[in-house]
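Please keep the sequence and the model in view while reading.

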Amino acid sequence: MYFDGRVGYLDQMNEEMRDAARKRIKAKRDFWNMVVAFVIIAAVMNVVWLMSGYRSYYWPAWPMIGFAIATAFTAFNIFGPGRKPITDDDIDREVRKMGGGGPPHSAR
């Protein structure tokens with residue numbers, strides 16, 4: 001193991017990573033809650049449409065399209081490109097770019 005007196009710094013970095021992981025987990029759970037809400041709301045709108053007798057114009061399509069677009073953007077934000085996990089090597093590379101010293105992660 002590599003110790004250079006920055007143990008507190010490493011603990012802080014680990015805690016920041018854990019916080020980021022918590023945020024990603026929450027975002028994923030919120031997304032799936034959004035999908036469930038979309039399905040329930042779409043079902044309710046379709047039942048209302050069917051019971052109203054106005055079968056010639058399918059008005060539920062408009063709010064469903066809007067909700068689907070919002071869901072797609074949310075999914076892209078959570079699961080899209082650039083959302084791969086941050087590795088220790090990524091962090092070390094960024095710290096070196098910022099002018100931080102210390103050996104690379106593999107030397108610890």
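The model is predicted: local features need pLDDT of at least 70 and side-chain atom pairs count only at pLDDT 80 or more, whereas totals for chains, interfaces and linings use all residues. Residues are numbered from 1 along each chain as its sequence is written, and side-chain values use heavy atoms, with hydrogens and water left out.

**Faces of α2**

- The buried residues of α2 are T71, A75 and I78 (buried means under 20% relative accessible area, exposed over 50%, and partly exposed in between, with a 1.4 Å probe and protein chains only).
- These residues lie on the same side of α2 because they cover an arc of only 65° around the axis (the arc is that of the directions from the helix axis to the C-beta atoms).
- α2 has 19 residues and reaches 26 Å from its first C-alpha to its last, close to the 27 Å expected at 1.5 Å a residue (the expected span is 1.5 Å times one less than the number of residues).

**Overall fold**

- The chain has three helices and zero strands (helices, H or I with at least four residues, and strands, E with at least two, are DSSP runs numbered from the N terminus).
- Along the sequence, the pattern is α-α-α.
- Of the 108 residues of the chain, 13% count as buried.
- Among contacts between residues at least 6 apart in sequence, 58% join residues at least 24 apart (contact means heavy atoms within 4.5 Å).

**Helix α3**

- In α3, residues 88-97, the buried positions are I91, D92 and V95.
- Seen down the axis of α3, its buried residues fall within an arc of 100°, so they line one face of the helix.

**Largest pocket**

- The largest pocket has a volume of about 330 Å³ (on a 1 Å grid over the protein atoms alone, a pocket is an open set of points where a 1.4 Å probe fits, with protein on both sides within 12 Å along at least five of seven lines; lining residues have an atom within 4 Å of a point).
- Of the 15 residues that line the largest pocket, A20, A21, R24, P85 and I86 are the closest to its centre.
- The largest share of the lining, eight residues, comes from α1.

Conventions. Grid points are joined across faces, edges and corners, and a volume is the space filled by probe spheres set on the points.
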